[in-house]
Amino acid sequence: RHDPARALREVAAKRALVEEHTGQCCVNATCHGEIAGYFDSDSGDPCTVLRTLAAIWADHPGYDRAWKLEA
């Protein structure tokens with residue numbers, strides 16, 4: 001259930017998602033219209049995909065409540 005190899009694959013997958021959302025403008029349909037470098041062009045908030053990944057850490061002291069996705 002807590003297979004270390006699976007955990008490493010999960011980390012690699014999440015890092016790949018973060019990497020996709022840096023550098024050039026994100027072409028992911030979920031982030032359409034959002035600026036490269038993590039932030040939405042209108043609100044200045046992290047893009048939807050990164051905010052979704054960050055939600056896992058909502059109970060962490062460093063989590064910024066402004067990152068919460070609106071329901």
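Arg6 is partly exposed, at 35% relative accessible area (partly exposed lies between buried, under 20%, and exposed, over 50%, with a 1.4 Å probe and protein chains only). Arg6, Glu10 and Lys14 are linked in a network of salt bridges. The model is predicted: local features need pLDDT of at least 70, side-chain atom pairs count only at pLDDT 80 or more, and totals for chains, interfaces and linings use all residues. Residues are numbered from 1 along each chain as its sequence is written, and side-chain values use heavy atoms, without hydrogens or water.

**Salt bridges**
- The count is 2 salt bridges (a side-chain nitrogen of Lys or Arg within 4 Å of a carboxyl oxygen of Asp or Glu).
- Glu10 pairs with Arg6, with the closest N and O atoms 2.7 Å apart.
- Lys14 and Glu10 meet at 2.6 Å, N to O.
- Glu10 and Arg6 sit 4 residues apart in helix 1, so about one helical turn separates them.
- Lys14 and Glu10 are likewise 4 residues apart in helix 1, about one helical turn.
- Glu10 is partly exposed at 31% relative accessible area.
- Lys14 is partly exposed at 28%.

**Fold**
- The chain has 2 helices and 0 strands (DSSP runs numbered from the N terminus: helices are H or I, at least four residues; strands are E, at least two).
- Buried residues make up 21% of the 71 residues.
- Among contacts between residues at least 6 apart in sequence, 15% join residues at least 24 apart (contact means heavy atoms within 4.5 Å).
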